[in-house]
Amino acid sequence: MTGTAAPFAADDYRARMERAARSAAEAGLAGLLVAPGPDLVWLTGYAPTAVTERLTLLVLAPGQDPVLVVPTLEAPDAGKAAGASALTLRDWTDGKDPYAATAALLEARGRFGISDNAWAMHLLGLQKALPGTSYASLTEALPMLRAVKDAAELELLAAAGAAADATFEEIRKVRFGGRRESEVAADLAGLLRRFGHSQVDFTIVASGPNGANPHHEVGDRVIERGDMVVLDFGGLKDGYGSDTSRTVHVGEPTDEERRVHDLVRAAQEAGYRAVRPGVPCQEVDRAARAVIADAGYGEYFIHRTGHGIGVTTHEPPYMIEGEEQPLVPGMCFSVEPGVYLPGRFGVRIEDIVTVTEEGGRRLNDTTREMVIVD
């Protein structure tokens with residue numbers, strides 16, 4: 001996890017921590033315990049250069065000033081974080097008990113939300129120090145904590161989306177036929193970095209029958225003329241994520257390949273058109289899925305329609321049947337239906353979309369038509 005280079009000041013982080021503490025109280029929690037990872041970056045601007053067995057934990061509770069418990073040797077770096085002046089640092093030295101130090105900040109019989117990625121040894125240490133406490137994962141307790149983006153975050157997500165779009169415009173010019181998937185994936189990674197990404201999270205290049213696997217691991221398969229090729233790539237630019245998918249074809253496609261591509265494009269458009277405030281997340285999935293199911297390909301759409309994006313490339317909310325969370329202006333997520341025909345080919349088209357007061361706005365805008373490559 002890299003630290004954000006976003007132009008956020010201490011007051012921005014203070015407001016986020018206050019909002020998180022209020023949300024915890026509204027959820028019936030005594031507070032939040034935030035370990036190193038995306039939540040800590042979002043709340044404080046601090047990302048330790050290395051996550052080790054030494055306890056680092058942000059303690060947020062209603063009516064209390066935020067406290068970041070850190071190892072003494074890491075306190076100088078923590079003190080340089082953009083949000084450091086909005087919290088109190090409490091350091092502990094090797095040989096001392098960090099759980100006793102943290103327990104002094106907690107309600108002895110409280111229920112706390114804790115980061116999903118907190119180490120088990122740290123949770124067990126806290127339980128031993130305060131056996132009357134109980135815990136819920138942050139994703140379970142406050143799934144929408146980071147879901148609604150402010151104007152500055154939306155600007156950064158839009159810039160990341162534009163960089164991914166620029167990457168696609170360049171990759172469509174390269175030669176595909178006769179090259180390995182891994183070579184094209186390396187091109188994608190290089191382009192993402194050229195257009196400002198500090199972190200590349202994935203570069204899927206799934207050619208021919210490999211395209212029927214939505215999360216195909218790039219390999220040494222040589223891309224052939226006549227292949228459909230699913231491209232799915234993204235990462236972090238200035239601390240915020242990009243994620244887009246386009247499906248290209250090497251040479252002229254068959255009528256069936258065009259038909260399936262057009263079907264997925266229509267489903268993606270239907271999912272996008274379903275986005276508006278107050279609509280449950282599952283309605284986006286239903287709208288896209290109905291188009292594919294009505295055409296007789298329902299069994300070949302084998303994943304959810306979308307996932308949230310922010311300081312990570314996958315986070316709540318999720319566009320999936322059963323998710324009744326209403327859409328709220330400022331939410332950002334993917335709309336990415338697909339059709340996957342085993343042993344033959346796959347098609348996926350993906351944009352990041354943000355909810356506006358009137359509906360939705362795409363943060364990716366490269367062509368969704370069939371692109372022919374060499």
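**Note on pockets, cavities and local geometry**

1. Asp-238 sits in the loop between β8 (228-237) and β9 (240-241). Strands here are DSSP runs of E with at least two residues, helices are runs of H or I with at least four, and both are numbered from the N terminus. Phi of Asp-238 is near 50°, a positive value in a residue other than glycine. Most residues other than glycine have a negative phi. Asp-238 counts as partly exposed because its relative accessibility is 30%. The cut-offs are under 20% relative accessible area for buried, over 50% for exposed and in between for partly exposed (1.4 Å probe, protein chains only).

2. Ground rules. This is a predicted model: local features need pLDDT of at least 70, side-chain atom pairs count only at pLDDT 80 or more, and totals for chains, interfaces and linings use all residues. Residues are numbered from 1 along each chain as its sequence is written, and side-chain values use heavy atoms, with hydrogens and water left out.

3. A cis peptide bond joins Pro-316 and Pro-317, with omega about 5°. Pro-317 belongs to strand β12. Most peptide bonds are trans.

4. The largest pocket has a volume of about 290 Å³. Search terms: on a 1 Å grid over the protein atoms alone, a pocket is an open set of points with protein on both sides within 12 Å along at least five of seven lines, whereas a cavity is a set where a 1.4 Å probe fits but cannot get out; lining residues have an atom within 4 Å of a point. Points are joined across faces, edges and corners, and a volume is the space filled by probe spheres set on them.

5. The largest pocket has 17 lining residues, and Ile-204, Pro-214, His-215, Asp-232 and His-314 lie nearest its centre. Strand β7 (residues 199-207) supplies the largest share of this lining, three residues. The classes are five nonpolar, six polar and six charged. Nonpolar means Ala, Val, Leu, Ile, Met, Phe, Trp, Tyr, Cys and Pro; charged means Asp, Glu, Lys and Arg; the others, Gly among them, are polar.

6. The second largest pocket holds about 240 Å³. It is lined by 15 residues, with Asp-39, Asp-116, Thr-139, Arg-146 and Pro-316 closest to its centre. Two or more lining residues come from each of α2 (38-44), α6 (138-141) and β12 (315-319). By class, the lining has seven nonpolar, four polar and four charged residues.

7. Lys-149 deserves a look. It lies in the loop between α6 and α7 (151-171). Lys-149 counts as buried because its relative accessible area is 5%. Its side chain reaches the backbone oxygen of Arg-146 at 2.9 Å and that of Ile-309 at 3.0 Å. Beyond four places in sequence, Lys-149 touches Leu-154, Leu-157, Ile-309, Gly-310, Glu-315, Gly-330 and Met-331 (heavy atoms within 4.5 Å).

8. How many cavities of 30 Å³ or more does a search of the whole structure find? There are two. The largest cavity has a volume of about 40 Å³. Strand β10 (residues 244-250) gives the most to its lining, three residues. That lining divides into three nonpolar, three polar and three charged residues.

9. The second largest cavity has a volume of about 30 Å³. Its lining includes Leu-157, Asp-243 and Asn-364. Leu-157 is also one of the residues that Lys-149 touches.

Notes. Polar contact = N/O pair within 3.5 Å; in protein donor to acceptor, adjacent residues only side chain to side chain.
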